[in-house]
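Student: I am new to this structure. Please take one part and look at it closely with me.

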Amino acid sequence: MSAAQERREPGVKETPIVPPPPGSVADTFKAALPDVEFVANQGVLDVILTVAPQDVPRVMRAAKDDPRLAFDFLRCLSGVDQMEQGLEVVYHLYSFKHAHNVTIKTLLPADDPQIPTISTVWNGALWHEREAHEMFGIVFQGHPDLRPLLLEEDLGYHPLLKSHPLAEIEESQEDFLREEAPAAAATAAGAPPAPVDERAAKIALAQKKAEAMKKAREEARAKGLSPEDEKAFVQEALKTLEEGS
Amino acid sequence: MTIERELDTIDVNFNVGPQHPATHGVFRMVLTVDGELVVDLEPVIGYLHRGAEKLSENCDYRQAIGFQDRTEYLAQFNAELCYVIAVEKLMGLEVPERAEYIRVILTELNRIASHLMFMGAFSADLGVFGTLFMYAFRERERMQDLFEEISGDRMMYSYFRVGGLAWDVPQDFVERTRWVVKQARQGIADIDGLLTRNEVTMARTRGIGVMPADQAIDWGFSGPMLRATGVRHDLRRAEPYSIYDRLEFDIPVGTQGDVYDRYTVRLEEMRQSARIVEQCLDQMPKDGPVVAPGLKRVLRPPAGEVYMRTENPRGEYGIYLVSKGTDKPYRLKIRSPSFCHLAALRDMVVGHYVADAVIILGSVDIVLCEVDR
């Protein structure tokens, strides 16, 4: 279950499926393709039709060529990751002749998302399908060129899938924590506990050094060494301290 | 387009961009040329892809407004408008009238500013003169000052909110806007006088990059690119949103669909936008709320989906928004007009000279942040 679902409020109402009014574009589709099964729903702005993936090429061809429909303009083609239900491909069409709109949706299985291309119907689908391919891994059968468009080559994942985390930094931080935790446990068990705080460790080291320098200087003065030799003596003491620690 | 070849020559393949002043951003064209003639072209995009859609899915509905500015950075108000209307449609919200008028005023001013940017860059592409670039920017600067005064930022306004506006405009807004529009009208006339009948413009743009109307529709062209082919289609008129059904304006169209027509359509659109702004300033309620009452800080639109489209300076800007009833958009797809126009660049350029390729690309008026998203 995703984070988005968890945060859903209990009182949220699902929008019910409202059949479009009679005489809408849904009826024209049903008249043009009597053997195709449509699930029609009146959306906020447009009529939404859901069809089976294998019917998509026929529906699209009819949508463009049938004079009653005449959808000559592909507004948008989007992929939507519906998680358990699969991957959805959404087509938004517009007709300049009749000035009407329709949204056509189809659901593909998430493990093998394949659908015939519609770039043979509208040229404009070429780049939209390339984008949906790289972002969701949907394979558009018969598409002439499915190379990555916006992403780099050989990326190895599809970033717009809900299973892909937003940023890799979250993952790498988790990895870091996972590596750090056993190391810390090992030190706690065996050797004397190291200071956890890096800054505190640095301060402790500096204090230790200052102590050693003060001690070495006093020793040198007691011996009556010259200033140059005194300096060298202190340096020597520091070196032994560093090697020892 | 078939190309007649006179001599037996070897085609040369080379890159224009990604870092090149003629590409208007980070964009690469792989050109195959036979001498000076372009025989093949491949647009390569994606250099500015930042995953705005994925990021929006991880922000709440109000935070996602900011990504609209960063997507369409020359027509920020237009992009914000499309997004906020999409959310309002899902929620069934009514926006106060004063907010609607202010939104339309700013959106149309932004359209003028965006087209001014086009005029400046286009004249530089043509090699006419840099002076025009400065003239266009002088006018644009006045608008940017106004926008900055209203929103607090020169570029990333984030001023529109779901249900209205972030806050009310300054007191002298009407007078200042009138002055800005008056100045802009003079600036548009200056550009018209310098560029429209200019011999260089005529020689270099007429009959270049022609796209017939039926093919343009097939490729998903919209906005000035489509109107230049003679299709009289404007979403503000065809599917009126906000208060556009109360406003009078003409839809300029071209005849041939060449670079010159794209230029003249945009020039006339600026005048029409100025007309719209003046009407709005006359009709606007003097005072009143600018945000719908009773809105919560965190919005949870009911589950559903909407594809909202608005007429942006570059064409049809679409937001496909899927809500699952949570505080975040489940899916937000941005349909950017330049993306669709660039896909057809090969068809427009092949058969022209390399120098024309730059002008044709300029005539598309691309915003690469919007293409790559």
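Tutor: Start with how axes are drawn. An axis is a line fitted to C-alpha atoms, for a helix over the stretch in contact, and angles run from 0 to 180 degrees between N-to-C directions. Note also that this is a predicted model. Two packed helices are described by the angle between their axes and the distance between the axes.

Now take the helix pair in chain B. Helix α6 of chain B spans residues 173–196, and helix α11 of chain B spans residues 259–283. They pack at an angle of about 160°. Their axes lie 10 Å apart. Angles over 145 degrees count as roughly antiparallel. α6(B) and α11(B) are therefore roughly antiparallel to each other. Their crossing is left-handed.

Which residues of α6(B) and α11(B) make the contact? From α6(B) come Val174(B), Thr177(B), Arg178(B), Val181(B), Ala184(B), Arg185(B), Ile188(B), Ile191(B), Asp192(B) and Thr196(B). From α11(B) come Thr264(B), Leu267(B), Met270(B), Arg271(B), Ala274(B), Val277(B), Glu278(B) and Leu281(B). By type, the residues of this contact divide into 10 nonpolar, 3 polar and 5 charged. Look at the numbering as you trace each list. An α-helix has 3.6 residues a turn, so residues three or four places apart point the same way.

For a contrast of setting, go to another helix. Helix α14 of chain B covers residues 354–364. Of its 11 residues, 9 are buried, so α14(B) is largely enclosed by the rest of the structure. The buried residues include Asp356(B), Ala357(B), Val358(B), Ile359(B) and Ile360(B). Leu361(B), Gly362(B), Ser363(B) and Val364(B) are buried too. Asp365(B) follows α14(B), with a positive phi near 60°.

Finish with the strands. Chain B has an open sheet of 3 strands, in the order β1-β4-β5, with antiparallel pairing. Its edge strands are β1 (12–16) and β5, each pairing on one side only. From one strand to the next, the twist averages 20°. Strand β4 (residues 28–34) and strand β5 (residues 37–44) of chain B pair over 7 bridges. Asp34(B) has Leu37(B) of β5(B) as its bridge partner. Thr32(B) is bridged to Asp40(B) of β5(B). The hairpin of β4(B) and β5(B) has 2 residues between the strands. In that hairpin, Gly35(B) takes a positive phi near 70°.

Definitions and conventions
Residues numbered from 1 in each chain as written. Chains lettered and ligands numbered in written order. Predicted model: local features only at pLDDT ≥ 70, side-chain atom pairs only at ≥ 80, totals over all residues. Pairing = 2+ DSSP bridges. Helix = DSSP H or I, 4+ residues; strand = E, 2+ residues; numbered from the N terminus. Buried ≥ 20, exposed ≤ 12 C-beta atoms within 10 Å, placed from the backbone. Parallel < 35°, antiparallel > 145°, perpendicular 65-115°, else oblique. Left-handed = near helix turned anticlockwise from the far one by under 90°. Contact = placed C-beta atoms within 7 Å. Nonpolar A, V, L, I, M, F, W, Y, C, P; charged D, E, K, R; others polar.
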